[in-house]
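Please read the following explanation alongside the model.

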Amino acid sequence: EYGSSEAELIVAEPYALKTYHHRWYLLGRLTDGDMRIISLDRVNKVTQTKERFLIDEDFDAKEYFSEYYAVRLDRDVKLQRVVLRAHRNERFIFDKQPIHWTQNKIREEDTYADFEYYLRPTFDFVSYLESQGRYVEVISPTWLREELLRVHREAMEQNKM
């Protein structure tokens, strides 16, 4: 964990590698059967054991990550419809570089376009929205719009002069 000076020994069966924001992550099955994301830049040492395992026949990495924007996996965040409004030139960027495979343009006007998604809006997704500032607006769900507003207010407060 970030902020911890204690090393943690993790035994994991490697299932998939994924990259996000110039960092590599390993999806591994732990000895208790849970799947976990391990940030490889936090790994000090890797040792291959003599233990062998078989990846579940029905495992599909693309499917496993399909409900998420990036690498933060949180089953407590429900799969839901999200509608974003991309303003100005950002609407063209969204059109040419979809941010999630479920992206669908549902409305287009002179100065904006609305896009819908079906995903679990976890921390990675909220962080992405934060980075878009004034160019992306959350239309729904309301809780996500309120969360983004809260985060921007915090940022304004921290940057007050």
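E67 is partly exposed, with a relative accessible area of 21%; here buried means under 20% relative accessible area, exposed over 50%, and partly exposed in between (1.4 Å probe, protein chains only). This is a predicted model, in which local features need pLDDT of at least 70 and side-chain atom pairs count only at pLDDT 80 or more, while totals for chains, interfaces and linings use all residues. Residues are numbered from 1 along each chain as its sequence is written, and side-chain values use heavy atoms, with hydrogens and water left out.

The side chain of E67 meets that of R120 in a salt bridge, at 2.7 Å from N to O; the term stands for a side-chain nitrogen of Lys or Arg within 4 Å of a carboxyl oxygen of Asp or Glu. E67 lies in the loop between α1 and β4 (80–87), and R120 in the loop between β6 (112–119) and α3 (123–131), so the pair ties together parts 53 residues apart in sequence. Helices (H or I, at least four residues) and strands (E, at least two) are DSSP runs, numbered from the N terminus. R120 is buried, at 11% relative accessible area. A network of salt bridges links E67, R75 and R120.

Another salt bridge joins R81 and E116, whose closest N and O atoms are 2.7 Å apart. R81 belongs to strand β4 and E116 to strand β6, so this pair connects parts 35 residues apart in sequence. R81 is partly exposed at 38% relative accessibility, whereas E116 is buried at 12%.

In total, the structure holds 15 salt bridges.
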